[in-house]
Amino acid sequence: MVEPFDIRTIGELYTCIKNGLKARVESYDYESRLLLSYVLGEDPYVVYLHPERSVEEDRVSLALKMAKKRSEGVPLQYLIKTAYFMGYDFEVNENVLIPRPDTEVLVQKALEYMDENYHVHVLDMGTGSGCIAISLALLNRCCTVDAVDISQSALKVAKKNALRHRVEHQIQFIHSDLFSNLSDSYHMIVSNPPYIKHEEYEFLQEEVRCFEPVQALVANEEGLAFYKRIAGDARQFLKAGGSLLFETGYDQAAHVVSIMKENGFTGLEVTKDYNGINRVVSGIIK
């Protein structure tokens, strides 16, 4: 077993972390650099540029402890308290889902529905870390967003992220169980709701199942419960011609299209993610 006092340089620490993660983590090299970057407060490429630099023993000890937790399945993003989404960095912890590239497709589709020269009032239903609301605010400065979540802990994280990216003046954070505390009307509603089926939850990756908040993952009615509730009430909160956009599970797009059609939405579109999977369903209310 390697002890902290056995490691003296950045290069030695990098090698030690890589060897510890190799058996459990597919992208062990990349994650080793991010972990080391976090501990040292340096650019991830410092391991290549200055491997000979010395490292204080307390930094070595912290890095080895974090690497051990990562090898035990704790997501890297929770360890370094950061996830990257749409090219921006977001603070995350165990109270929010880790933003994923699939959800970037939802943001990109929402931007297509907007006119960047006119004010658009958006509702982000189930905001979590705030990554969707904040990305929209950053990428369309005429946009204002009501970001809703039932979790006060999640809203605390989202508010910090809005301050980090200096868009707090564009976003109002609201504690609400879906529409229960809302009274405004919107040009657009976007949502990445819980959509994992109960019977599929036990087959998720261990680091998702054991560490990410279950209430943000799992839904009743074959994973469709939140789509039905949101689509069913959306008409009351959308302006004429307003749009509703959902992220969906890998096999749910056709079901969500049907749900939206039953609730009066037209012009329905299905957009694929980067892996060619139907990921976003969108439509307009007349």
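The structure is a predicted model in which local features need pLDDT of at least 70 and side-chain atom pairs count only at pLDDT 80 or more, while totals for chains, interfaces and linings use all residues. Residues are numbered from 1 along each chain as its sequence is written, and side-chain values use heavy atoms, with hydrogens and water left out.

Helices (H or I, at least four residues) and strands (E, at least two) are DSSP runs, numbered from the N terminus. Two strands are said to pair if DSSP finds at least two bridges between them.

Strand 3 (residues 120-125) pairs with strand 6 (residues 186-191) in the parallel sense over four bridges. Here aspartate 124 stands opposite valine 190 of strand 6. Strand 8 and strand 9 (residues 278-285) pair in the antiparallel sense, over six bridges, and valine 281 in strand 9 is the bridge partner of valine 270. The hairpin of these two strands has five residues between them, and glycine 276 takes a positive phi near 80 degrees.

Aspartate 146 lies in strand 4 (residues 143-149). Aspartate 146 is buried, that is, under 20% relative accessible area, where exposed means over 50% and partly exposed in between (1.4 Å probe, protein chains only). Its side chain makes a polar contact with the side chain of glutamine 172 at 3.0 Å. A polar contact is a pair of N or O atoms within 3.5 Å; within protein, one must be able to donate a hydrogen and the other to accept it, and residues adjacent in sequence count only if both atoms are side-chain atoms.

Aspartate 43 lies in the loop between helix 2 (28-40) and helix 3 (46-49). Aspartate 43 is partly exposed, with a relative accessible area of 45%. The side chain of aspartate 43 reaches the backbone nitrogen of tyrosine 45 at 2.8 Å.

Technical notes
Lys and Arg count as positive and Asp and Glu as negative; His and the chain ends are not counted. A salt bridge is a side-chain nitrogen of Lys or Arg within 4 Å of a carboxyl oxygen of Asp or Glu.
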